[in-house]
Amino acid sequence: MHPDGSIIDGNNATHPWDYFLTNSVFPLDDGYILSCRHYWSAVALDSQGNVKWNLNGVDGGDFEPVNQTGKPSTFSWQHYVRPRNGTVDKNLVLDMFNNHGNGFDNGTYPSTGLTLYLDLQKRTVETISRLQDPEDTIYALSQGTFQRLPNEHKMIAYGQIPRLKEYDNNDRVVMKARFGQNNQVSSYRSYLVSNWSATPYWAPKIATTQQPGGNVTLSMSWNGATPDVYDSWMIYESSDVNGPLTELSQQVRRTGYETNATLSAGTRLVTAAAGRGQEAMRRSETLRVELPTI
């Protein structure tokens, strides 16, 4: 697809056929390593643009074949090839998101996070790991990310499929997330970062629950706010259904995604604000507290 929305059919110079499709470029020594999706290849270049070696997912390219007869290729239609722990001439470890499919070659092999060891002197390839959730097979036909975290966990984002998974050092899934419906939302790149800070533009939410004995529990949450944004909840109560709600009645420490507190006896009206120190960040809606039924 051309940026102007027209179909790239390869019939003229304006709409050339992209036989190569380079979808990632990463520095390697004094050159680069390219991910060539349509070639099912990772290609190392020197600083002058000369090819030093080519790793192909079907026949191995400049390496011994990376698959065996009758078995699926080690990788195809890949994205996000990243070198680590090595050099362009001796040995190298490669991470990549292995789509293993595209729009007309799909549903056969699941998409995985693939790590390969390349012996660049012997020109051999060894599969170190292939990250896949056995309880949740995903076929991502385009896009995708393989990210190594500081603790050596791996975060796999499935591109066309709006899903994320974190794998631990034993290749077990320790986190899953979804950010939309399949084939309706996608993300070319997704990253898990430790210093992310977010303050939602929407207000916090509160709810009340009648407890046996007449106490009322107030539940408070602010979906999307990161832990650094606020550390407490500031609760404003009134025994009059008409208010006002100007005086702080209690402040409780934030205990996680949802924090609970017991309202004062006789409270008829309540609101809460996410607090940072003595500062009220953002207030929730105001709720009328129903009297307990006897």
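Are W222 and Y230 buried or exposed?

Modeller: Both W222 and Y230 are buried. Buried here means a relative accessible area under 20%, exposed means over 50%, and partly exposed is anything in between, using a 1.4 Å probe and the protein chains only. Before we go on, bear in mind that this is a predicted model: local features need pLDDT of at least 70, side-chain atom pairs count only at pLDDT 80 or more, and totals for chains, interfaces and linings use all residues. Residues are numbered from 1 along each chain as its sequence is written, and side-chain values use heavy atoms, with hydrogens and water left out.

Back to your spot. Rings of Phe, Tyr and Trp (for Trp, the six-membered ring) pair if their centres lie within 6.5 Å; planes under 30 degrees apart count as stacked, over 60 as edge-to-face, and the rest as tilted. By that rule there are eight aromatic pairs. Among them is W222 with Y230, a tilted pair, with 5.7 Å from centre to centre and 55 degrees between the planes.

Leaving out neighbours within four places in sequence, Q250 is in contact with W233, M234, I235, E237, A261, T262, L263 and S264, where contact means heavy atoms within 4.5 Å. Q250 sits in strand β16; strands are DSSP runs of E with at least two residues, helices are runs of H or I with at least four, and both are numbered from the N terminus. Take I235 from that contact list: Q250 and I235 are 15 residues apart along the chain, and their C-alpha atoms are separated by 5.3 Å. Q250 has 21% relative accessibility, so it counts as partly exposed.

Now look at the loop between β15 (232-238) and β16 (248-253), which is where P244 sits. A cis peptide bond joins G243 and P244, with omega at about 10 degrees. As background, most peptide bonds are trans, and most residues other than glycine have a negative phi. Two residues elsewhere have a positive phi without being glycine. L21 comes in at about 50 degrees and lies in the segment before β1 (22-28). D171 has a phi near 65 degrees and belongs to the loop between β11 (163-167) and β12 (173-178). L21 is partly exposed at 22% relative accessibility, and D171 is partly exposed at 31%.

Strand β11 also holds E166, which is buried at 12% relative accessibility. Its contacts beyond four places in sequence include L149, H153, R172, V174 and L192. In the loop between β8 (124-131) and β9 (145-148) you'll find Q143, buried at 14%. Strand β8 itself carries R130, which is partly exposed at 36% and touches T74, N98, H100, T112, G113 and L114, with residues up to four places away not counted.

Finally, zoom out. The protein chain has zero helices and 20 strands. Its radius of gyration, taken over C-alpha atoms, is 27 Å, well over the 19 Å that the globule rule (2.2 Å times the number of residues to the power 0.38) gives for 294 residues, so the chain is more spread out than a compact globule. The C-alpha atoms fill a box of roughly 80 × 45 × 40 Å along the principal axes. Of the 294 residues, 44% count as buried, W222 and Y230 being two that are buried. Among contacts with a separation of 6 or more, 48% come from residues 24 or more positions apart.
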